[in-house]
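Here is a short briefing for a first look. Keep the sequence and the 3D view at hand while reading.

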Amino acid sequence: MFLQPDEIIYCESDGNYSTIYLENEKKILISTPLKQLEEKLTDDFFRIHHSYIINMNKVQEYLKNDSYVILSNNIKIPVSRQKKSSFLDRF
């Protein structure tokens with residue numbers, strides 16, 4: 001299966017597997033760890049947390065007090081303390 005980067009909203013780690021969440025509300029489970037997936041994705045993607053990679057073009061809002069982002073599908077994803085400054089630098 002081939003995907004366009006703009007179809008992907010975010011990716012979530014599940015051990016040695018990853019789940020890719022798409023714009024069309026579908027999700028795909030693949031047998032690739034998030035670290036390997038991160039290496040294959042374009043610069044539009046950012047590892048925001050140990051368990052999540054997000055498409056920066058799909059960020060709708062950043063909740064500073066709670067340290068969460070809200071994506072285009074209205075899902076809240078946590079921003080880790082270690083990644084927070086790097087994430088804010090991307091804007």
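The side chains of Lys-58 and Glu-23 make a polar contact at 3.0 Å. A polar contact is a pair of N or O atoms within 3.5 Å; within protein, one must be able to donate a hydrogen and the other to accept it, and residues adjacent in sequence count only if both atoms are side-chain atoms. The model is predicted: local features need pLDDT of at least 70, side-chain atom pairs count only at pLDDT 80 or more, and totals for chains, interfaces and linings use all residues. Residues are numbered from 1 along each chain as its sequence is written, and side-chain values use heavy atoms, with hydrogens and water left out.

**Around Lys-58**

- Lys-58 sits in the loop between β5 and β6. Helices (H or I, at least four residues) and strands (E, at least two) are DSSP runs, numbered from the N terminus.
- Lys-58 is buried, at 14% relative accessible area. Buried means under 20%, exposed over 50%, and partly exposed in between (1.4 Å probe, protein chains only).
- A polar atom of the Lys-58 side chain lies 3.0 Å from the backbone oxygen of Asp-6.
- Leaving out residues up to four places away in sequence, Lys-58 touches Asp-6, Ile-8, Ile-9, Glu-23, Ile-70, Leu-71 and Ser-72. Contact here means heavy atoms within 4.5 Å.

**Salt bridges**

- Side chains of opposite charge can pair when their charged atoms come close.
- The structure holds two salt bridges. Each needs a side-chain nitrogen of Lys or Arg within 4 Å of a carboxyl oxygen of Asp or Glu.
- One joins Glu-23 to Lys-58, with the closest N and O atoms 3.0 Å apart. Glu-23 lies in the loop between β2 (17-22) and β3 (27-30) and Lys-58 in the loop between β5 and β6, so the pair ties together parts that are 35 residues apart in sequence.
- Glu-23 is partly exposed, at 37% relative accessibility.
- Arg-47 forms a salt bridge with Glu-38, and the closest N and O atoms are 3.0 Å apart. Arg-47 is buried at 13%, while Glu-38 is partly exposed at 30%.

**Strands**

- Four of the five residues of strand β4 (45-49) are buried.
- β4 pairs with β5 (52-55) in the antiparallel sense over four bridges. Strands pair if DSSP finds at least two bridges between them.
- β4 and β5 form a hairpin with two residues between them. His-49 has Tyr-52 in β5 as its bridge partner.
- β6, β7 and β8 form an open antiparallel sheet, in that order. Its edge strands are β6 (59-63) and β8 (76-78), each pairing on one side only.
- Four bridges join β6 to β7 (68-71). Tyr-62 stands opposite Val-69 in β7.

**Aromatic rings**

- The whole structure has four aromatic pairs. Rings of Phe, Tyr and Trp (its six-membered ring) pair if their centres lie within 6.5 Å; planes under 30 degrees apart count as stacked, over 60 as edge-to-face and the rest as tilted.
- Tyr-10 and Tyr-52 make a tilted pair, 6.2 Å centre to centre with 50° between the planes. Tyr-10 lies in strand β1 (8-14) and Tyr-52 in β5, so the pair ties together parts that are 42 residues apart in sequence.
- Tyr-10 and Tyr-52 are both buried.
- Phe-46 and Phe-87 have ring centres 6.2 Å apart and planes at 40°, so the pair is tilted.
- Phe-46 is buried at 12%, and Phe-87 is buried at 0%.
- Tyr-10, Tyr-21 and Tyr-52 form one aromatic cluster.
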